[in-house]
Amino acid sequence: MQATTYAVIDTLAIKHNLSLVRQYAAHSKIMAIIKANAYGHGLFAVAEALQEGVDAFGVARVDEGIQLRKAGISNKITILEGFTCQQELDSLVQLNLDAVIHSDKQIKLLQQQVADNKISVWLKLDVGMNRLGFNAAEFKTVYEKLQRCRFVKKPLGLMTHLSCADDPDSLITAKQIAVFNDSVSHLDGEKSIANSAAIISWPDAISDWVRPGIMLYGVSPLSKEIKLQLKPVMSLYSRIIAIKHIQAGEAVGYSGAWVSPHNTRLGVVAVGYGDGYPRYAKNGTPVLVNGERVPLVGRVSMDMITVDLANQANAKVGDTVTLWGKNLAVEEIARYADTIPYTLTCGITQRVTIETLVDNDG
Ligand SMILES: *Cc1c(COP(=O)(O)O)cnc(C)c1O
């Protein structure tokens, strides 16, 4: 029996998107970012699809790195938030996980470390995001402290993260790249700046390592609509489970928030915010029924949405509905829901069955 509401993950599309990263950053090593369950696509399936083609993986938390090692993934893995306590540091050492270093507390723990196994680290510079990392003024001092730390492998990695790379017209990004280059150019060690947006829009940010996330999943990281050659990886599907005939003037769904302007047929689709479909998707958000666009009408509820089938005379119970993915860009759905596509793919819930497509002819 097939699940009513399911996501299909196309691993060939992931590989296609990785090849696009290689075109943008032909001479860089690639750290594929698979945090947050690979942006909702399934950590292990994505790690398996990518493990031959990338130089490392990046995840946010220690626990995510532990899960990858337990699943037998032997690639280099960087923990982007680093470790927060001795116990986490012990896990990193034991499992050969690399850490981003951004705080004095982490440096103290490294200085006190007595075990012989060394750890690889990325020292993080904050160039204006004001989130993780040391400021330019303190960077040299911290770098030297880590250089003296015999528990830390040399050379250190040197990295930063840009705050506005998704806007190709931003004046801030060139300045942030310059701050990074000024701070690290005379220091020994591999450099890394670029996330997906920077890989696509800011060639000056492409250095020894790039850190693509969202673009691997076939989703544009840019704040503007620009045509890219990415292929969507996640498609979210459901089915029509009921059809309702209503008259002009009748209200639909919670709070009667939508009143039909015409006599019509509504399709009731088995997907809602309980599956990760966005609660704030507006009336008119496109949904595909048998491949044709119909508008969402009425409030999104936990388990269902309603669509207007006025132009779909043949639609019937059991028909397949696409919420986003192939032929319906998640970027477009995000605009209708006043959010970014990252939140939509990350937000798929446990209830949604994930099917991983390994072979696909098109
Ligand atoms: C999440 C993350 C990335 C990947 O960002 P995308 O916009 O998904 O490409 C890269 N670097 C760091 C430090 C991150 O936290």
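Predicted model: local features only at pLDDT ≥ 70, side-chain atom pairs only at ≥ 80, totals over all residues.
User: By class, which residues make up the shell around the ligand?
Analyst: The shell has six nonpolar, four polar and two charged residues. Here Ala, Val, Leu, Ile, Met, Phe, Trp, Tyr, Cys and Pro count as nonpolar, Asp, Glu, Lys and Arg as charged, and the others, Gly among them, as polar. Residues are numbered from 1 along each chain as its sequence is written, and side-chain values use heavy atoms, with hydrogens and water left out.

User: Which residues surround the ligand?
Analyst: They are Ile 33, Lys 35, Tyr 39, Leu 80, His 161, Asn 195, Ser 196, Arg 211, Pro 212, Gly 213, Ile 214 and Tyr 342. A residue is near a molecule if one of its heavy atoms lies within 4 Å of it.

User: How far is the polar side-chain atom of Tyr 39 from an oxygen atom of the ligand?
Analyst: That distance is 2.5 Å. Tyr 342 also has a polar side-chain atom by a ligand oxygen, at 2.7 Å. For Arg 211, an N or O atom in the side chain is 2.9 Å from a nitrogen atom of the ligand. A polar contact is a pair of N or O atoms within 3.5 Å; within protein, one must be able to donate a hydrogen and the other to accept it, and residues adjacent in sequence count only if both atoms are side-chain atoms.

User: And how much of the ligand's accessible area does the protein cover?
Analyst: The protein covers 92% of the 390 Å² that the ligand has on its own. Accessible areas come from the Shrake-Rupley method with a 1.4 Å probe, and for residues only the protein chains shown count as cover.

User: Back to Tyr 39. Is Tyr 39 buried or exposed?
Analyst: Tyr 39 counts as buried because its relative accessible area is 7%. Buried means under 20% relative accessible area, exposed over 50%, and partly exposed in between (1.4 Å probe, protein chains only). Tyr 39 lies in helix H2, residues 35-39, and has a positive phi of about 55° although it is not a glycine.

User: What about Asn 130, buried or exposed?
Analyst: Asn 130 is exposed, because its relative accessible area is 65%. Asn 130 also has a positive phi of about 55°, and it lies in the loop between strand E6 (121-125) and H7.

User: New topic! How many helices and strands does the protein have?
Analyst: There are eleven helices and 18 strands. Helices (H or I, at least four residues) and strands (E, at least two) are DSSP runs, numbered from the N terminus. Of the 362 residues, 53% count as buried. The C-alpha trace spans about 75 × 45 × 40 Å along its principal axes.

User: Which residues touch the most other members in the largest nonpolar core?
Analyst: Of its 112 residues, those are Ile 34, Leu 50, Ile 101, Leu 110, Tyr 277, Ile 305 and Trp 324. Apart from that core lies another one, of five residues, among them Ile 246 and Trp 258. A nonpolar core is a set of buried Ala, Val, Leu, Ile, Met, Phe, Trp, Tyr and Cys residues joined through side-chain atoms within 4.5 Å.

User: And what is Leu 50 in contact with?
Analyst: Leaving aside neighbours within four places in sequence, Leu 50 is in contact with Ile 14, Leu 18, Ala 32, Ile 34, Phe 57 and Leu 216. Contact means heavy atoms within 4.5 Å.

User: Why does Asn 17 count as buried?
Analyst: Asn 17 counts as buried because its relative accessibility is 0%. Asn 17 lies in helix H1, residues 11-24, and its side chain reaches the backbone nitrogen of Lys 231 at 2.8 Å. Not counting residues up to four places away in sequence, Asn 17 touches several others, including Met 215, Tyr 217 and Val 233.

User: Last one: which residues of helix H5 are buried?
Analyst: In H5, residues 86-95, they are Leu 89, Ser 91, Leu 92 and Val 93. What covers them includes helix H4 (62-70), strand E4 (76-79), strand E5 (98-101) and helix H6 (104-112). H5 is followed by Asn 96, with a positive phi near 55°.
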